[in-house]
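Trainee: I would like to learn how to read a sheet and its salt bridges. Please take me through one case.

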Amino acid sequence: MTIKLGFVIAEFNRDLTFQMEMLGEEHAKFLGAEVVEKILVPGVYDMPLAIKKLCQRDDIDAVVTMGIVIEGATQHDEIVVQHAARKITDLSLEYNKPVTLGIAGPGMTRMEAHQRVDYAKRGVEAAVKLVQRL
């Protein structure tokens, strides 16, 4: 059985999230999984509705989120990631499907973000492992 994945990708910091998307897709193929749908959303905070839409689909076994949240002058980055992560967990439990956190941040600089695009691979790996094990 081929594991079917959905990706929800933030457009904010798209130069970095595009790299995440490519790494995630490549790693999915390496693991024998298939990416059947990708939804681009404006930012990490906007992910929950797209995640819900993918979780409702019978042809998707797990959802992988991909985003970069860079530290700003206020604590906005912390609020964004905290609320998004909580809702991602809630949706995973509500739909009984893995929804993995391939989001880097908060509290990092743009330079640190460049070094963390591999979080996408971690998200894909976690999704595949959870589908196999559950």
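The dialogue below covers the sheet, then the salt bridges.

Mentor: This is a predicted model, in which local features need pLDDT of at least 70 and side-chain atom pairs count only at pLDDT 80 or more, while totals for chains, interfaces and linings use all residues. Residues are numbered from 1 along each chain as its sequence is written, and side-chain values use heavy atoms, with hydrogens and water left out.

Trainee: What is the strand order of the open sheet?

Mentor: Strands (E, at least two residues) and helices (H or I, at least four) are DSSP runs, numbered from the N terminus. Two strands pair if DSSP finds at least two bridges between them. Here the order of the 4 strands is 2-1-3-4, with parallel pairing. Strand 2 (34–41) and strand 4 (99–108) are the edge strands, each pairing on one side only.

Trainee: How many bridges join strand 3 to strand 4?

Mentor: Strand 3 (residues 62–70) is joined to strand 4 by 7 bridges. Val-64 stands opposite Thr-100 in strand 4.

Trainee: How many salt bridges does the structure hold?

Mentor: A salt bridge is a side-chain nitrogen of Lys or Arg within 4 Å of a carboxyl oxygen of Asp or Glu. The structure holds 9. In one of them, Glu-34 meets Lys-4 at 2.9 Å, N to O. Glu-34 is in strand 2 and Lys-4 in strand 1, 30 residues apart.

Trainee: Why does Glu-34 count as partly exposed?

Mentor: Buried means under 20% relative accessible area, exposed over 50%, and partly exposed in between (1.4 Å probe, protein chains only). Glu-34 counts as partly exposed because its relative accessibility is 36%. Lys-4, at 26%, is also partly exposed.
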